[in-house]
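Open the model in your viewer and keep the selection tool ready. The tour goes from one stop to the next.

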Amino acid sequence: MNYGLDYFSIEDILTIVENPKIAKLNAKAKKQITDSAENVKKIIASDRTVYGINTGFGPLCDTKISEEETEHLQHNLIISHAVGVGKPISKKLSKIMMVAKIHALSKGFSGVSLELVERLILMVEKDIIPLIPEQGSVGASGDLAPLAHMVLPLLGLGKVWQNDVAVPTKEVLEKYNIEPLILGPKEGLGLINGTQFILAHSILGLEKFEYLLDLADLTAALSLEAYRGSASPYKKELHEIRPFDGSKKVASRMRKFLKNSENLDAHEFCDRVQDPYSMRCVPQVHGASRNAFEHLKKLTEIELNSVTDNPIVISDEEAISGGNFHGQLLAMPLDYATLAAAELGNISDRRSYLLLEGKYGLPKLLVESSGLNSGYMIPQYTTAALVSENKSLCFPASADSIPTSLGQEDHVSMGSISGRKFNQVLGNLENILAVELMFGAQGLEFRRPAKCTKFVEDAYDLIRTKVSKLTNDRLIGEDILAIADLIRERKFQAN
């Protein structure tokens with residue numbers, strides 16, 4: 001894979017993060033970068049006034065900076081913008097940001113030097129990953145604060161991760177005999193203008209969301225088997241006459257998970273007319289979330305392969321000061337995807353609740369001796385709490401804007417908050433699905449000796465490697481955590 005030249009998919013960038021040396025900077029990309037840097041030098045020599053190259057920033061855009069002061073200008077830009085607060089984002093997120101920034105800079109429109117891009121690549125390959133606080137970006141003019149923190153180690157400042165411990169950058173650079181860089185004209189601005197913080201959260205969230213979408217379908221199948229519901233709502237004919245891609249895919253998967261189930265066949269001629277919506281409408285609800293996933297994935301890959309800093313250096317005569325750094329293009333679909341992820345948890349909680357009601361051959365609270373035992377009463381309180389929390393996280397961050405930079409940046413996206421909330425909701429969803437899986441496995445205990453399909457039985461068997469059948473009350477909280485770990489480790493085969 002070639003930085004700056006190839007079209008990177010989400011899968012590509014995640015592969016590079018795990019195996020950095022598979023991505024190269026070939027001769028063509030090096031020429032693109034070098035030509036762009038030369039264009040900046042020519043602009044400075046021409047004595048024309050160009051934003052960010054020989055002017056101040058934001059409301060100081062009218063302040064001309066001399067050629068002698070440009071290096072100091074870029075250094076000041078980084079240290080003054082590194083004002084993030086809060087907990088550090090994960091090392092993986094920071095690494096995704098770096099790889100995405102390298103790819104964007106390598107397209108040759110940012111005016112940075114080849115030495116700078118190669119230094120970023122070296123840091124990724126040697127696993128010298130910056131500590132980046134999670135708060136401080138408003139998602140316009142790029143993710144200024146987090147990207148400034150990402151850049152500090154280039155200057156020998158800030159902290160980096162070493163064996164999951166944050167240490168001063170200076171110590172690590174000395175260890176590898178690496179000298180700090182002195183930034184040239186436009187380089188500081190090229191580094192901190194961009195949407196890589198928002199983008200990294202979208203990439204990481206999409207990776208998790210894709211698995212949870214698949215797992216939610218399998219989890220619903222397990223619950224339907226435990227409930228002995230009807231598979232009729234998943235018939236192909238029904239979804240061909242309302243042909244949304246998401247609902248068609250979910251219906252097809254549900255048919256696969258339930259086909260020729262001995263357990264459901266035993267219930268085929270009962271007198272129940274229809275199931276509640278949380279069982280019956282799985283294709284429509286899960287399918288809507290899948291549609292949102294596909295939309296966000298498409299837009300995220302466009303952003304990944306875009307140039308999002310400012311100004312854009314077109315030639316030695318033209319540098320366009322525009323708005324490619326504005327995060328709205330991802331902020332809005334991220335907010336939509338957050339809602340889509342929350343809805344998977346919402347309907348999952350309702351299926352869990354149905355399994356507790358004591359209907360259709362299942363004991364109340366899924367234990368024979370309820371009364372003395374609370375059984376599975378209280379785990380549903382946990383899912384209710386998580387679902388409610390997710391609802392509160394669904395308010396669209398992109399609906400807000402607070403002017404900054406003395407009014408120069410008078411509309412911002414808040415996309416960094418959109419990305420963070422998306423991942424928070426996904427983390428809650430893992431635990432909500434863990435509870436439903438626990439309930440579904442328990443429900444199957446009361447359907448024996450009838451067997452389900454291999455997909456459902458394999459999920460049941462995996463759960464039983466960590467969590468035994470509940471007969472009397474015990475520390476159920478530990479069971480939830482054990483199943484949630486299986487989810488995070490992608491142990492369930494949901495395809």
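Is Leu-105 buried or exposed? Select Leu-105: it is buried, with a relative accessible area of 2%. Buried means under 20% relative accessible area, exposed means over 50%, and partly exposed lies in between (1.4 Å probe, protein chains only).

Before moving on, note that this is a predicted model, in which local features need pLDDT of at least 70, side-chain atom pairs count only at pLDDT 80 or more, and totals for chains, interfaces and linings use all residues. Residues are numbered from 1 along each chain as its sequence is written, and side-chain values use heavy atoms, with hydrogens and water left out.

**Around Leu-105**

Leu-105 sits in helix α4. Helices (H or I, at least four residues) and strands (E, at least two) are DSSP runs, numbered from the N terminus. Now show what touches Leu-105, leaving aside its neighbours within four places in sequence: the contacts include Ile-33, Val-112, Leu-116 and Leu-191. Contact means heavy atoms within 4.5 Å.

Next, select Phe-109 in the loop between α4 (91-105) and α5 (114-125). Phe-109 is partly exposed, at 33% relative accessible area.

**Backbone stops**

Go to Asn-310 and Pro-311, which are joined by a cis peptide bond with omega about -5 degrees. Pro-311 is in the loop between α14 (282-304) and β6 (312-313). Another cis bond runs from Arg-448 to Pro-449, with omega near 15 degrees.

Which residue has a positive phi of about 55 degrees although it is not a glycine? Select Met-414, in the loop between α16 (379-393) and α17. Met-414 counts as buried at 7% relative accessibility.

**Zoom out**

The C-alpha trace spans about 85 × 50 × 45 Å along its principal axes. Of the 495 residues, 56% count as buried.
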